[in-house]
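Colleague: I would like to learn how to read a few local features from a coordinate file. Could you take me through them one at a time?

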Amino acid sequence: MAHFKQGIHVGLVLSTLLLCTLLLYSYHAYLKLPVSNFQMRGASSKLVQSMHDIAKAKLRDTDNRNQTNTISSDEIAEEHHCTPRRNIVFFKMHKCSSSTVQNILFRYGEEHKLDFVLPKEGNYLGNGQYLFVRSLMMKFPVKKYNVLCHHTRFNYRGMAEVMHSDAVYTTIIRDPISMFESLFTYGNFALAYNLPEDKALELFLEKPEYYYAIAHTAGKLRVRNPMLYDLGLEDRSLGDPLRIKRKIHQMEYQFDLVMITEYFDESLILLRDLFCWEMDDIVYFVLNARNKSSVRAVSPKTADNIRRWNFGDVQLYDAFNRTFWKKVEAFGHDRMQREVAELRKRKAYFKEHCIADVVSGDEGVWRPPGIDIDSFKLKPEASKNKTCVRMIQTELPYSDHIRKIQVQRYFKSANQRD
Ligand SMILES: Nc1ncnc2c1ncn2[C@@H]1O[C@H](COP(=O)(O)OS(=O)(=O)O)[C@@H](OP(=O)(O)O)[C@H]1O
């Protein structure tokens, strides 16, 4: 009996020791886990971001969002250095300063001879209603493409099929109030709903369900939660709180960076950090801005109505605003201030050297009837400077140019090239 008790005692001591060892081991393993983006600081941010990227790439490759992925140290070491990103999806969100970002990508892609996913003509992959699928694009003899940055409806699977597996996914969103007003006015929804132009927005928002039903039948207009619509949320889910929540949650995994129009320069600094690009790669002039005379004032009541009707976009904006500021915090507020100041200095430099004048309603710049768009006139000496010329080039002519050089690259023999 005494032996038996002693045996139990020894057994208990041994199992306690084993348990302690296991606990210590797990704690050690826990400490080695990647910290969240929120905790990132300065130089370490790229490493953690890379780990995050690898984890996301794995998530995508396995296409199993519930699976837990382990990251090997080899993978981390390989990703530790900063290599400029050339495989990029920029989901071009309507009326969210996306033409300005697209121009940055056009310039970088042209300079580095990257392969773009291109519409067969014009600037839309599809007609704005279809989710992206490869049949909407021009075919080139390449297995995968580098950059996708034209208007379409977001479809992660469809895009992943044509993009490299390490592509970074980005987009931009805007305050739902100014976004909706811009979309409504620029899109001339007054005409579509047969409403008097000067009160169309207010009248639409008095009976949005009624007008939405008309739009729905016509299957044409993105008038409810337009950002979520662009992001691929099905029409029938645009008023469904649960599906909206799920969509936003899914986006947290699918996008590496969601920029914010209201913090455009800060957004570009985060983009530059993610892409590992030079400061001059992200300089820009604001493109596709309406002249003030074409912008409608929004009263507080109308603003409330816009928010109520577009509650999904409001949730989207709020969620990614929080994510955005966590990223800024991780990046470092001081560093952000310094880099924004540097970007603005470079912008001022290019403005001084390139721009003679800002004009409104230029015939050469596409604009909807009745809307004036601001555009730029170059200084005579800048008209031969490629950077200046490209920086002011609007979406349609620049898309044509990119299409032309890509066709030349793949389909025309050397002696046919001009
Ligand atoms: N840098 C920067 N900062 C703030 N706002 C900016 C910027 N660049 C463009 N914009 C505004 O974005 C609107 C145009 O958006 P898009 O280019 O996405 O429009 S489009 O869908 O391609 O037609 C358009 O908004 P509205 O003028 O209100 O229509 C532009 O003024």
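**Cysteines, helices and backbone angles**

Modeller: We start with one residue. Cysteine 82 has a relative accessibility of 35%, so it counts as partly exposed. Keep in mind that this is a predicted model.

Colleague: How many disulfides does the model contain?

Modeller: A disulfide is a covalent bond between the sulfur atoms of two cysteines. Here the count is two. One is formed by cysteine 82 and cysteine 276, with 1.8 Å between their sulfur atoms. Cysteine 82 sits in the loop between helix H3 (73–80) and strand S1 (88–91), and cysteine 276 in the loop between helix H12 (264–275) and helix H13 (300–309). The two are 194 residues apart, so this pair links distant parts of the chain.

Colleague: Is the disulfide of cysteine 82 and cysteine 276 right-handed or left-handed?

Modeller: The torsion about its S-S bond is about 135°, so the disulfide is right-handed.

Colleague: Is cysteine 276 buried or exposed?

Modeller: Cysteine 276 is buried, because its relative accessible area is 17% and the cut-off for buried is under 20%. Its backbone also deserves a look: cysteine 276 has a positive phi of about 60° although it is not a glycine.

Colleague: Which cysteines make the other disulfide?

Modeller: Cysteine 354 and cysteine 388 are joined, with an S to S distance of 2.1 Å. The angle about the S-S bond is -65°, and this link is left-handed. Cysteine 354 belongs to helix H15 (residues 333–354) and cysteine 388 to helix H16 (residues 386–391), so the bond ties together parts 34 residues apart in sequence. Both ends are buried: cysteine 354 has a relative accessible area of 0%, and cysteine 388 one of 3%. Counting bonded cysteines along the chain, the disulfides follow the pattern 1-2, 3-4.

Colleague: Now helix packing. What should I read off, and what are the values for helix H14 and H15?

Modeller: Two packed helices are described by the angle between their axes and the distance between the axes. For helix H14 (residues 311–331) and H15, the angle is about 95° and the axes are 6 Å apart. That makes H14 roughly perpendicular to H15. On the H14 side the contact is made by Trp325, Val328, Glu329 and Phe331, and on the H15 side by His333, Arg335, Met336 and Glu339. By class, this contact has four nonpolar, one polar and three charged residues.

Colleague: Where is asparagine 225 found, and what is its phi?

Modeller: Asparagine 225 is in the loop between helix H9 (208–218) and helix H10 (226–230). Its phi is positive, about 45°, although asparagine 225 is not a glycine. With a relative accessibility of 0%, asparagine 225 counts as buried.

Technical notes. Residues are numbered from 1 along each chain as its sequence is written. This is a predicted model: local features need pLDDT of at least 70, side-chain atom pairs count only at pLDDT 80 or more; totals for chains, interfaces and linings use all residues. Side-chain values use heavy atoms; hydrogens and water are left out. A disulfide is a pair of cysteine sulfur atoms within 2.5 Å. Helices (H or I, at least four residues) and strands (E, at least two) are DSSP runs, numbered from the N terminus. Buried means under 20% relative accessible area, exposed over 50%, partly exposed in between (1.4 Å probe, protein chains only). Axes are lines fitted to C-alpha atoms, for helices over the stretch in contact, and angles run from 0 to 180 degrees between N-to-C directions. Angles under 35 degrees count as roughly parallel, over 145 as roughly antiparallel, 65 to 115 as roughly perpendicular and the rest as oblique. Contact means heavy atoms within 4.5 Å. Ala, Val, Leu, Ile, Met, Phe, Trp, Tyr, Cys and Pro count as nonpolar, Asp, Glu, Lys and Arg as charged, and the others, Gly among them, as polar.
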